[in-house]
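Short notes under headings will do.

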Amino acid sequence: MIDALPPGLILILGALLIPATSGLVRQGLVLALPLLTLWAIWLVPDGVQATLPFFGYMLEPVEGSIVGRLFATVFTVMTLIGGLYAMNQARAVELAGAFGYAGSAVGVTFAGDLITMFVFWEIMAIGSTVVIWAAGTASAYAASMRYALVHIFGGVVLMVGVVGHIAETGSIDFVAMQADSLARWLILIGFLVNAGAPPFSAWLPDAYPEASPSGTVFLSAYTTKTAVFTLLVGFPGEQILVWVGLYMALYGIIYALLENDMRRILAYSIVNQVGFMVCGIGIGTEMALNGAASHAFAHIIYKALLLMSAGSVLMMTGKRKCTELGGLFQSMPVTAFCGIIGALAISSFPFTSGFVSKSMINQSAADLHLTFVWMMLTAASAGVFLHAGIKFPWFVFFQKDSGMRPPDPPLNMKLAMYVFAGLCILLGVWTDPLYAILPYPVDYVPYTGDHLVSQFQLLLFAGLAFFVMLPMMKRTETISLDLDWFYRRFFKAIGTEFTVRAGDHRQELEQAALARLGRFVEGLYRHHGPQGILARTWPTGSTVLWVAILLGVYVVIYYI
Amino acid sequence: MSAPSDDRDKHWLVRAATIRKLWILFAAILAVTVLVQLAVPLHGHFGIDGWFGFPAAYGFLTCVAMVVGAKILGIFLKRKDSYYDD
């Protein structure tokens with residue numbers, strides 16, 4: 001029986017209304033829909049609230065859970081403030097896409113079974129593709145198609161896994177499992193494609209920075225964090241995730257260090273941050289899972305803030321490359337200030353949200369005496385300050401003076417940045433509200449003298465390294481090759497080569513066949529045509545002559 | 001770095017004198033964060049992480065290593081940003 005509707009449906013259905021409205025009505029809708037959804041989310045109690053028969057299976061489209069509510073809450077807060085940021089500047093199609101995308105992400109967090117999860121998962125892919133595509137440029141269109149292909153591939157892998165899993169176990173319940181059969185491996189891989197895990201990390205920095213200033217803000221929040229949610233529910237403690245996460249954390253840093261496009265730097269740092277969460281899920285203790293969940297919560301807010309800051313710069317200057325930016329703090333103080341708050345939060349600076357969330361992941365590695373993992377996570381934490389914490393604000397707002405003096409963006413965009421900057425600080429200094437809604441009871445005190453001293457040392461000396469190494473970090477107008485090179489260049493080149501060679505060969509075959517046909521026709525014509533020997537009329541006289549000759553020869557031979 | 005006459009037109013934050021003061025301030029803060037360890041001893045989990053100045057040294061050295069590592073990888077991976085455009 002349906003006696004509760006999925007809260008995500010409010011956003012999905014509301015998204016369809018957005019293009020039909022304009023002016024104040026649309027602004028009201030953009031703010032009211034997320035608030036209404038937030039209210040609906042907190043009305044759903046724990047446990048299965050609605051079932052729906054489907055081909056002999058009982059779907060559970062609404063199942064309340066602590067971790068689902070946590071993710072749904074931050075998704076909706078993100079939609080609200082992202083909507084505030086975007087409502088006057090974004091195209092209607094982008095807002096509609098973003099709201100549908102957000103609603104389906106909320107849908108995943110309430111899915112009690114794999115089929116419901118998969119349906120919302122796929123709506124997300126459509127919504128997000130629309131958001132990228134709505135930027136309206138040729139490069140955005142191309143990027144949105146590459147993005148869609150990767151996600152359709154990921155979706156197919158996930159679907160095959162889900163079908164196999166249901167065939168093996170007979171159960172569609174979305175509960176914790178282990179990667180112990182091909183089907184469950186495929187489910188894990190399907191989740192990881194959306195998390196930006198290797199070898200499928202490149203879709204994220206490829207596609208997100210091509211969206212509009214507000215589009216990238218929406219994109220940064222849902223796909224990867226929904227993947228974190230599904231990994232958290234489906235594969236807690238799966239050991240391979242520790243290594244996948246560490247790889248992602250370091251990959252993000254290295255590529256961000258090489259990057260010139262400010263929003264692509266931040267896109268690489270999404271992979272880096274999701275790496276911390278994936279690693280935490282792999283560690284799998286209660287503290288590590290709390291760390292992954294709270295870090296996802298904090299991350300959505302500070303990453304959106306960073307991309308709002310970068311988006312404001314893009315909108316006001318039309319430029320996105322570090323080589324063309326610089327000195328903007330003078331005329332865009334609000335954007336610079338809020339960007340710096342976001343940069344501090346992503347770096348887990350004390351008194352920001354990142355400090356109280358990520359530390360739990362590092363602490364859980366230390367508690368289990370996973371020396372190597374802890375060392376890598378700590379190095380990656382220092383690297384975050386290097387590649388995002390300082391690099392982004394430094395190259396955009398300081399470094400050389402670009403001479404540009406654009407003003408701060410319009411009021412609604414500034415307000416959105418203020419709200420998220422405030423939340424970054426608030427969550428950092430007042431931990432109780434966040435800790436209260438985590439999946440497990442929190443037995444962790446972030447503010448100890450020990451922790452503060454070591455974090456300040458780590459980050460400030462990472463900062464020193466940045467300025468000491470600055471000559472080596474001079475930006476160049478380059479991109480860095482990634483594994484997407486295989487589908488953007490290698491397979492394309494192979495395809496082109498195949499087409500060219502196959503075309504040549506086909507032409508040869510065709511010409512040979514035509515020549516043979518020509519010879520056949522020619523032969524026919526020679527023998528049967530007007531001059532053809534077989535078409536000639538044979539005079540009766542010559543036949544008689546031949547018969548006479550043959551008879552004569554016969555008679556001669558007979559007598560001999 | 002720039003001539004003093006240019007400096008007066010600049011925002012106070014980017015004048016050479018201010019930048020020098022900022023470096024001095026930064027150096028002082030760095031020194032304090034390490035020296036404060038004398039008062040607040042670190043309880044490491046693995047031994048090495050409780051050493052004096054370990055987080056500072058580790059943060060600095062790993063970052064230098066990452067920058068150098070990225071630079072080396074960049075030799076192989078970097079292409080002009082119009083690489084995929086055609």
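## Hairpin in chain A

In this predicted model, A:Phe54 stands opposite A:Tyr57 in E2(A). The two strands involved are E1 (residues 47-54) and E2 (residues 57-64) of chain A, which pair in the antiparallel sense over six bridges. Two residues lie between E1(A) and E2(A), and the pair forms a hairpin.

Which residue in the turn has a positive phi? The residue is A:Phe55, with a phi of about 45°. A:Phe55 takes this positive value although it is not a glycine. Its place is the loop between E1 and E2 of chain A.

## Backbone exceptions

Most residues other than glycine have a negative phi, and most peptide bonds are trans. The peptide bond from A:Pro198 to A:Pro199 is cis, and its omega is near 0°. A:Pro199 sits in the loop between helix H7 (182-195) and helix H8 (203-207) of chain A.

## Domains

Chain A is split into domain 1 (1-172), domain 2 (231-480) and domain 3 (489-559). The centres of domain 1 and domain 2 of chain A, taken over C-alpha atoms, are 25 Å apart. Chain B is assigned domain 1 (1-40) and domain 2 (44-79). Here the C-alpha centres of domain 1 and domain 2 of chain B are separated by 24 Å.

## Domain 1 against domain 2 in chain A

In chain A, 17 residues of domain 1 touch 25 residues of domain 2. The area buried between domain 1 and domain 2 of chain A is about 1,700 Å², and carbon and sulfur atoms give 84% of it. How many salt bridges cross the interface of domain 1 and domain 2 of chain A? The rule finds zero. Polar contacts are present: five residue pairs between domain 1 and domain 2 of chain A, both residues at pLDDT 80 or more.

By class, the domain 1 side divides into 13 nonpolar residues, four polar and no charged.

## Chain B against chain A

The contact draws 44 residues from chain B and 52 residues from chain A. Together chain B and chain A bury about 4,400 Å², with 74% of it on carbon and sulfur atoms. One salt bridge is found across the interface of chain B and chain A. Its partners are the side chains of B:Asp81 and A:Lys321, at 3.1 Å from N to O. Twelve residue pairs are in polar contact between chain B and chain A, both at pLDDT 80 or more.

Three elements of chain B each supply at least two residues of the side that touches chain A: helix H2 (16-35), helix H3 (54-77) and strand E1 (78-80). The largest share of that side comes from H3(B), with 17 residues. The side of chain B that touches chain A holds 28 nonpolar residues, nine polar and seven charged.

## Strand pairing between the chains

Which strand of chain A is joined to E1(B)? The partner is strand E3 (residues 478-480) of chain A. E3(A) and E1(B) run antiparallel, with three bridges between them. Within this pairing, A:Thr478 has B:Lys80 of E1(B) as its bridge partner. E1(B) is also one of the elements that supply at least two residues to the chain B side of the contact with chain A.

Key:
Residues numbered from 1 in each chain as written. Chains lettered and ligands numbered in written order. Predicted model: local features only at pLDDT ≥ 70, side-chain atom pairs only at ≥ 80, totals over all residues. Heavy atoms only, no water. Contact = heavy atoms within 4.5 Å. Buried area = accessible area lost by both parts, 1.4 Å probe. Salt bridge = Lys/Arg side-chain N within 4 Å of Asp/Glu carboxyl O. Polar contact = N/O pair within 3.5 Å; in protein donor to acceptor, adjacent residues only side chain to side chain. Helix = DSSP H or I, 4+ residues; strand = E, 2+ residues; numbered from the N terminus. Nonpolar A, V, L, I, M, F, W, Y, C, P; charged D, E, K, R; others polar. Pairing = 2+ DSSP bridges. Domains from an automatic or database assignment.
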